[in-house]
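Subject: Structure for your review

Hello,

Here is the structure we spoke about. Please open it alongside these notes.

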Amino acid sequence: MPLKNSQYDLLMREYNRKQLQNENNRSAAINHAYSLSPRLQTVDEDINATYASLARSKITGDVSHIDAYKKKLNELKEEKVAILLSLSLPSDYMELHYTCNDCKDTGYIGNKKCHCFYQAAVNLLYTQSNIKDILLRENFDTLTFDYYSTQIHPMLNKSIASYMEEIVTYCKDYVSNFSTKKESILFTGTTGVGKTFLSNCIAKALIDNCYSVVYFTATELFDVFSKNTYSKDEISDEDIDQYILDSDLLIIDDLGTELSNAFTTSKFFYCINERLVRQKATIVSTNLKATELRDIYSERVASRILSSYHIISLFGDDIRIRKKFGQ
């Protein structure tokens, strides 16, 4: 879900902690380097004094010594680097080092949130929701074909177990090729055949590879759009776009379980169309058939999905029931 004020404050406190840690690390590095070479401390003091003299010359307009100060600075910096290298330390050992060099661990580039802020937000949202625990249970490592029928299915001319092995292979290839082929998927099928489980497998694998994945049930997604349209209590339209439209993968689970109306139809088309335009991948799972998609969400929504998504139909009995009763 979008960030609340308390969640935003938590992220910013983490950025403040990083900045403080960066300063502490730099101080420790400087003290360590000085302990190895007293001359290094003297050079650093001379550099600071020369910078101060150069600044005074510029302020007073006395330009007669500026070139000399610049020359001295270059010589002192070269000596500093030489000392560090002689101590087997990198030339930037005494500088500030950041987790994110783009925003320098502030979370912002100018007045815009940095890409690392949005990734941190996604990670926080997963940590504070039950989806993180679900992904620990539902992933490629825990996936089993034991509950799928080995009988020949008349529509498939093969067993559902064999068919699911092919689907899982496709899903693993989907993850492997995600950096170059951000394809969208529509999982269809009755309740309990594995649509959500496969979506979670893909989500876990992509998150482990540092891709941003945002998960919503259809009801949650349209609730977010509704709150953003009619209330300004949480985050801005721009932030909504970042979370929903710009994530590497958006998962919309259980499409068709929400209360459908003109608003949801309009927002659904906007969401899937905008992500296709931005070349962002989306996974939609639904119990609905193609004809029902047209009836509920309009011809243009169905056409956009059916023409642009990879359609995967799943078959079989309700796996949840079979697991519960040990069938």
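Is Ser-88 buried or exposed? Ser-88 counts as exposed, because its relative accessibility is 68% and the cut-off for exposed is over 50%. Please keep in mind that this is a predicted model.

**Two loop residues with positive phi**

Ser-88 is found in the loop that runs between helix H3 (66-86) and strand E1 (108-109). Its backbone is worth a look: phi of Ser-88 is positive, about 65 degrees, although the residue is not a glycine. Most residues other than glycine have a negative phi.

Asn-157 is another case, with a positive phi near 60 degrees in a residue other than glycine. Asn-157 lies in the loop between strand E3 (152-153) and strand E4 (158-159). At 65% relative accessibility, Asn-157 is exposed.

**Helix H1 against helix H4**

Two packed helices are described by the angle between their axes and the distance between the axes. For H1 and H4, the angle is about 120 degrees and the axes are 11 Å apart. H1 passes H4 in a right-handed crossing. On the H1 side the contact is made by Gln-7, Tyr-8, Leu-10, Leu-11, Met-12 and Tyr-15, and on the H4 side by Cys-116, Phe-117, Ala-120, Ala-121, Leu-124 and Leu-125.

**Aromatic pairs**

The count of aromatic pairs comes to 10. One of them is Tyr-15 with Phe-117, a stacked pair with 6.2 Å from centre to centre and 10 degrees between the planes. This pair links distant parts of the chain, as Tyr-15 is in helix H1 (residues 5-36) and Phe-117 is in helix H4 (residues 115-127), 102 residues apart. Both partners are buried: Tyr-15 has a relative accessible area of 3%, and Phe-117 has 0%.

Phe-117 also pairs with Tyr-118. Here the ring centres are 5.9 Å apart and the planes stand at 85 degrees, so the pair is edge-to-face. Tyr-118 counts as buried as well, at 12% relative accessibility.

**Helix H10 against helix H12**

Helix H10 (residues 262-277) packs on helix H12 (residues 299-308) at an angle of about 30 degrees, with 10 Å between the axes. H10 and H12 are therefore roughly parallel to each other, and H10 passes H12 in a left-handed crossing. Thr-265, Phe-268, Phe-269, Ile-272, Asn-273 and Leu-276 of H10 meet Arg-300, Val-301, Arg-304, Ile-305 and Ser-308 of H12.

Two of the residues in that contact, Phe-269 and Arg-300, also form a charge-over-ring arrangement: the charged end of Arg-300 sits over the ring of Phe-269, 3.8 Å from the ring centre. In another arrangement of this kind, Lys-267 lies over the face of Tyr-270, at 5.3 Å from the ring centre.

**Helix H6 against helix H7**

How do the axes of H6 and H7 cross, and at what angle? Helix H6 (residues 160-176) and helix H7 (residues 195-208) have axes that come within 10 Å and cross at roughly 25 degrees. That makes H6 roughly parallel to H7, because angles under 35 degrees count as such. The crossing of H6 and H7 is right-handed. From H6, the residues Met-164, Ile-167, Val-168, Cys-171, Tyr-174 and Val-175 meet Leu-198, Ile-202, Ala-205 and Leu-206 of H7.

**Two buried residues**

Ser-37 lies in the loop between H1 and helix H2 (38-60). Ser-37 counts as buried, at 10% relative accessibility. Apart from its neighbours within four places in sequence, Ser-37 is in contact with Ile-83 and Leu-87.

Tyr-243 is placed in helix H9 (residues 237-245), and at 6% relative accessibility Tyr-243 is buried. The C-alpha atoms of Tyr-243 and Gln-119 are separated by 9.4 Å, while the two residues are 124 residues apart along the chain.

Regards

Definitions and conventions:
Residues are numbered from 1 along each chain as its sequence is written. This is a predicted model: local features need pLDDT of at least 70, side-chain atom pairs count only at pLDDT 80 or more; totals for chains, interfaces and linings use all residues. Side-chain values use heavy atoms; hydrogens and water are left out. Rings of Phe, Tyr and Trp (its six-membered ring) pair if their centres lie within 6.5 Å; planes under 30 degrees apart count as stacked, over 60 as edge-to-face and the rest as tilted. Helices (H or I, at least four residues) and strands (E, at least two) are DSSP runs, numbered from the N terminus. Buried means under 20% relative accessible area, exposed over 50%, partly exposed in between (1.4 Å probe, protein chains only). A charge sits over a ring if NZ of Lys or CZ of Arg is within 6 Å of the ring centre and within 35 degrees of the ring normal. Contact means heavy atoms within 4.5 Å. Axes are lines fitted to C-alpha atoms, for helices over the stretch in contact, and angles run from 0 to 180 degrees between N-to-C directions. A crossing is left-handed if the near helix is turned anticlockwise from the far one by less than a right angle, and right-handed if clockwise. Angles under 35 degrees count as roughly parallel, over 145 as roughly antiparallel, 65 to 115 as roughly perpendicular and the rest as oblique.
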